[in-house]
Amino acid sequence: MRTARQLALRPAVTAAVAALALAATLIVGAAPSHAATCSAYVGLTFDDGPSDAHTPALLAALGRYGLRATMFNEGQYAAAYPAQVRSEAAAGMWIGDHSYTHPHLTRLSQARIDSEISRTQQAIAAAGGGTPKLFRPPYGETDGTVQGVAAKYGLRQVIWDADSQDWNGASTDAIVQAVSRLTDGQVILLHEWPPNTLAAIPRIAQTLAGRGLCAGMISAQTGHATAPSG
Ligand SMILES: [Zn+2]
């Protein structure tokens, strides 16, 4: 049973509900357009995969939070786990070349550097990951010879602006903090195998969203993170 007072409140309540509904419509309407909510882009990179042991869980975690990343695959693992390369591509990840056997490239002859890079390009393409446009030398070690060979295969060399130190036993807190310091266009080094990196994914997503940052692609033209174009 309604009192007179409740009835008098109804128009105000109805207006408030209508306003909320409008706000909800606006929020929903904005969601598909990432440009509207992304003030800047950063590049998340995961090295040393793919593998049956780590790639599925990493892709599931990234997918849960709508994060896209660049996976710098080793050719030997792309050849061993081609289905994981396809999973990375199907999940919207970008796939880069991280050499075939992860050697110290600057200690090798030009012919062996060429073999490391070219065999990886072939292995990733053969697995269904497309032909990479980005290359990261193992350990970030490079020189003019390495860059020259990469350029021969149309590859843009990408090192990193920030090292999460996840390979060196960094805590989940430290990994999240490293991500929180990224600025527009920057690229961070992560790996697919450390448990702390997988554990950090939800908070990485939260940290980026809180700063209006989105996980973008790395431009083969500039080497910096930018809005995804495909
Ligand atoms: Zn590596």
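A nonpolar core is a set of buried Ala, Val, Leu, Ile, Met, Phe, Trp, Tyr and Cys residues joined through C-beta atoms within 7 Å. A residue is buried if 20 or more other C-beta atoms lie within 10 Å of its own, exposed if 12 or fewer, and partly exposed in between, the C-beta atoms being placed from the backbone. The model is predicted: local features need pLDDT of at least 70 and side-chain atom pairs count only at pLDDT 80 or more, whereas totals for chains, interfaces and linings use all residues. Residues are numbered from 1 along each chain as its sequence is written.

The largest nonpolar core holds 49 residues, of which Val42, Ala69, Val179, Ile188, Leu208 and Ile218 touch the most other members. Helix 6 (residues 110-127) supplies the largest share of this core, 5 residues. Helices (H or I, at least four residues) and strands (E, at least two) are DSSP runs, numbered from the N terminus. Two residues are in contact if their C-beta atoms, placed from the backbone, lie within 7 Å. Leaving aside residues up to four places away in sequence, Leu208 touches Val42, Val179, Leu213, Cys214 and Ala215.

In helix 7 (residues 144-152), the buried residues are Val146, Val149 and Ala150. Viewed down the helix axis, these buried residues fall within an arc of 100°, so they line one face of helix 7; the arc is that of the directions from the helix axis to the C-beta atoms. An α-helix has 3.6 residues a turn, so residues three or four places apart point the same way. On the other side of helix 7, Gly144, Gly148, Ala151 and Lys152 are exposed. The cover over the buried residues of helix 7 includes helix 6, strand 4 (134-135) and strand 5 (156-157). Gly154, which follows helix 7, has a positive phi, near 70°.

Between helix 6 and helix 7, Gln110, Ile113, Asp114 and Ile117 of the former meet Thr145, Val146, Val149 and Ala150 of the latter.

The loop between strand 5 and strand 6 (162-163) contains Val158. Val158 counts as buried because it has 26 C-beta neighbours inside 10 Å. Not counting residues up to four places away in sequence, Val158 touches Gly96, Leu134, Phe135, Arg136, Val187, Ile218 and Gly223. Val158 and Pro137 are 21 residues apart in sequence, and their C-alpha atoms are 8.1 Å apart in space.
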